Amino acid sequence: MHTFKFVRPPDSAAAIAMAARSKTAQQGADVRFIGGGTTLLDLMKLNVETPAQLVDVNRLPLGRIEAVPDGGLAIGATVRNSDLAHDPRVRRDYTVLSQAILAGASAQIRNMATTAGNLLQRTRCVYFRDTAMPCNKREPGTGCSAITGSNRMLAVLGTSDQCIATNPSDMCVAMAALEATVHVQGPKGKRAIPIGDFHLLPGNTPQRENVLEPGDLITHVTLPPPVAGSKQLYLKLRDRASYEFALASAAVVLTVAAGKVTRARIALGGVGTKPWRSPDAESALVGQSADAASFRKAADAAMRGAKPQSENGFKVELAKRCLAHALQTAAAS
Amino acid sequence: MSEDSSGPTKKPTRRTFLRATGSSAAAAIVAARVASPGRKTPSPGVDRPNIPGAVPVTLRINGKDHSLRVDPRTSLLDCLRETVALTGTKKGCDHGQCGACTVHVNGRRVLSCLSLAVMHDGEDITTVEGLGTPDSLHPMQAAFLARDAYQCGYCTSGQLMSAVALLKEPCGPDDAAVKELMSGNICRCGAYSNIVAAIQQVRKNA
């Protein structure tokens, strides 16, 4: 691991000022905020990330879950994944989020990982993690080893000729279906970013994974008021039953009245280069009967435009079945 | 190494042998990396208070305060093993994939390999050495013995720390729930069913 200076800022303003000196807030940043460390330290040991300065945000007052006046919930940046998953309000009103978090990683990692850190979780693409191999995300312009290499775990939606890396988060998929908002404080002030706009597609700049600029500190995430009567579910399919990343997953928030779907929010994990909200699947479902045929049509719509690679073609059908099964199970709950 | 020089009849154990050879070799490598040109390489076992960039940190480990100076890169795991010489906590993958390094920080189980020692200034750390003693085992240690919940033992301290933390976490009554919450601790020997049995024994008697 490269040497670095470890700093603990007294407040958010100092943390922002320290990080604002970094050339970028994206891959290869000189200054990194450190929360749980479960992604960052792993990548620093691999020399994939080599920050000169680590700014410890763990003792900033960003660790609370609070009700907000509009009836929603504000989740602090440093709230641990386990605390978020077990919060009684989250379990009751945002079940899909609790389920998604508990489907990810291990109990130890969930005790460490933070809300903001999970939003910034990096891909598990083996070429990104191996500095001996070309990777456009790690070293722009060197090429994508995965397109002609081992790509069984990688994305089929939102890919480009430059990068097909999967976003590995479970939490973000549920937050996409819940239409969360990411709140950021930076050198130029505060801003609120809908989660759908927070992550970027790889395009020609796979090293840019989100809209953060140097000094931008995620302070909290807000969830809109719970949808009364909604049925929620997170379904994750993977190679082993626990402690494994998704091959395909689905987060669904469904409202059914008199046998018809009146509202649907759908997001997929394990198949996209970002947490994959599917407006096509949602509009295919609203107004339709809550039955297997409609759910399959919605799943087909969600995967329309999927671009399989040499080893991951199975993900297209797997993701469809995952979503159809999630919708069926949620509707019957 | 007084225990090694007590007489020709006393053979070195695997542990004392590794301590004598391994730690000096490791210290030499570390010294070579951190020593700048012209700096004297400290002898093995000698404190190195003037490592460039070293920072002070106080950890409360198993109820006892340790005021240390560490290179900021030091993981909590390496700090426990190399600086404080508590080698019960094991290094498996060093990348958060195996759970062998599991310890408790402020009563919650975490992976000490994916955490920096300096992040835990003033915090309470519990390692397997703080769980029980040979004369007075923690109930979970006794249950692991009774249920034969290990073979080679390398993952055992991590399994124990996870299992003890699990007792205070939301966990359903059945074996499947225990398996799910223990999935972050890999056992290469495959002692899983006995580990689950040991944990369930402690939960039933609690």
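How many helices and strands does chain B have? Chain B has six helices and five strands, where helices (H or I, at least four residues) and strands (E, at least two) are DSSP runs numbered from the N terminus. The model is predicted: local features need pLDDT of at least 70 and side-chain atom pairs count only at pLDDT 80 or more, whereas totals for chains, interfaces and linings use all residues. Residues are numbered from 1 along each chain as its sequence is written, and chains are lettered from A and ligands numbered from 1 in the order in which they are written.

From the N terminus on, the order of elements in chain B is α-β-β-α-β-β-β-α-α-α-α. Of the 206 residues in chain B, 35% are buried (20 or more other C-beta atoms within 10 Å of the residue's own, with C-beta atoms placed from the backbone).

In chain A, five of the seven residues of strand β9 (residues 231-237) are buried. Strand β9(A) is joined by seven bridges to strand β10 (residues 248-257) of chain A, and the two run antiparallel; strands pair if DSSP finds at least two bridges between them. Y234(A) has A251(A) of β10(A) as its bridge partner.

Helices α11 (residues 292-303) and α12 (residues 314-331) of chain A pack at an angle of about 140°, with axes 8 Å apart. Axes are lines fitted to C-alpha atoms over the stretch in contact, and angles run from 0 to 180 degrees between N-to-C directions. α11(A) and α12(A) are therefore oblique to each other, as angles under 35 degrees count as roughly parallel, over 145 as roughly antiparallel, 65 to 115 as roughly perpendicular and the rest as oblique.

How values were computed: A residue is buried if 20 or more other C-beta atoms lie within 10 Å of its own, exposed if 12 or fewer, and partly exposed in between; C-beta atoms are placed from the backbone.
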